[in-house]
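Please open the model in the viewer and keep the selection panel at hand. The stops below are given in the order in which they may be selected.

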Amino acid sequence: MPRILIVAPNWIGDALMAQPLLARLHEKIPALQLDVLAPEWVAAVLRRMPEVNEVIAVPFRHGALQLRSRWKVGRSLKARGYQQAIVLPNTWKSALVPFFADIPLRSGYVGESRYGLLNLLYKKNGAPMPLHYARLSEVPGRQVKEPLPTPLLEADPGEIEAVKRRFGVEGSYAVFCPGAEYGPAKRWPYFKELAATLALQVVILGSTNDEEAALGIRGKNLVGKTTLDEAIDLIAGAAYVVSNDSGLMHIAAALGRPQVALFGSSSPVHTPPLSAAARVLWLRLECSPCFERVCPLGHFRCMRELAVETVVKEIQNLGA
């Protein structure tokens with residue numbers, strides 16, 4: 001049985017934008033067994049992907065080399081007999097585990113001069129992130145068949161209802177995701193005002209890093225109170241979702257939920273919500289996208305001038 005190891009990205013959104021790559025690999029290789037090496041905070045998303053056979057969760061920390069830990073993981077995987085490893089992050093250290101596992105074909109983008117660690121190298125060409133990852137399903141230089149498969153996460157209706165009962169969520173509700181891990185330049189400032197205009201109850205989701213962004217929003221504030229699995233199930237049960245460009249935005253897209261996705265400093269061309277049920281709002285200012293964590297010009301117009309009324313209109317257009 002053919003076996004491939006994927007080294008997953010370190011961000012939830014990137015992991016979901018890489019799912020079309022996983023689907024393409026299955027199309028090309030019958031009976032493929034696809035395992036994914038991933039940090040613990042991304043593993044819950046990958047376990048819900050039908051393309052993934054096993055998620056190998058590792059305790060590697062952001063920015064840490066942890067050379068001995070990577071060597072141990074690599075040696076533990078050697079006996080599995082992977083024919084290929086595809087390394088999705090661009091860092092030097094992310095290519096170490098496949099190298100230590102003696103996987104014969106190790107592919108990925110050039111990144112931090114990873115010559116030797118990787119032996120099938122690709123050059124970046126500025127493609128949108130889903131296509132950027134999907135290019136790794138073909139030999140370097142060969143075009144990828146489009147359109148790409150759509151990301152899909154599995155959600156069990158019984159588990160959705162169980163999670164709703166656990167948190168006291170009844171009836172129809174909207175989910176707000178006011179945070180964005182990358183920085184404040186991606187956070188729309190008017191979720192509080194939006195909640196005040198809506199008759200539907202609101203459930204607010206995010207990590208502990210999003211607590212400040214959630215302050216004052218009317219609704220059931222579950223920011224920092226759920227596991228990622230519980231957040232996924234609550235999103236799966238929502239009538240609709242309003243979010244910034246974040247991991248939870250990509251989760252809502254992969255669950256097929258109607259959503260309004262708000263973009264400012266980032267670009268929906270580069271990191272789009274891959275769903276026909278998503279509506280994108282982006283002002284396309286001359287200074288956007290800047291991809292900065294904080295507005296470098298100090299005015300934050302890309303988000304500040306995105307009016308509540310505009311978002312309300314898009315919610316009404318969802319038909320949810």
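Select α11 (247-254) first: this helix gives the most to the lining of the second largest cavity, with three residues. Helices (H or I, at least four residues) and strands (E, at least two) are DSSP runs numbered from the N terminus. A cavity is a set of points on a 1 Å grid over the protein atoms alone where a 1.4 Å probe fits but cannot get out, and lining residues have an atom within 4 Å of a point. The model is predicted: local features need pLDDT of at least 70, side-chain atom pairs count only at pLDDT 80 or more, and totals for chains, interfaces and linings use all residues. Residues are numbered from 1 along each chain as its sequence is written, and side-chain values use heavy atoms, without hydrogens and water.

Then display the whole lining: Leu-16, Met-17, Pro-151, His-250, Ala-253, Ala-254, Pro-272 and Leu-274. Seven of these residues are nonpolar, one is polar and none is charged; Ala, Val, Leu, Ile, Met, Phe, Trp, Tyr, Cys and Pro count as nonpolar, Asp, Glu, Lys and Arg as charged, and the others, Gly among them, as polar. The volume is about 30 Å³, taken as the space filled by probe spheres set on the points, with grid points joined across faces, edges and corners.

Next, select the lining of the largest cavity, including Ile-6, Pro-9, Leu-22, Val-36 and Leu-88. This cavity holds about 40 Å³ of space, and its lining comprises nine nonpolar residues, with no polar and no charged ones.

Definitions and conventions:
On a 1 Å grid over the protein atoms alone, a cavity is a set of points where a 1.4 Å probe fits but cannot get out, and a pocket is an open set with protein on both sides within 12 Å along at least five of seven lines; lining residues have an atom within 4 Å of a point.
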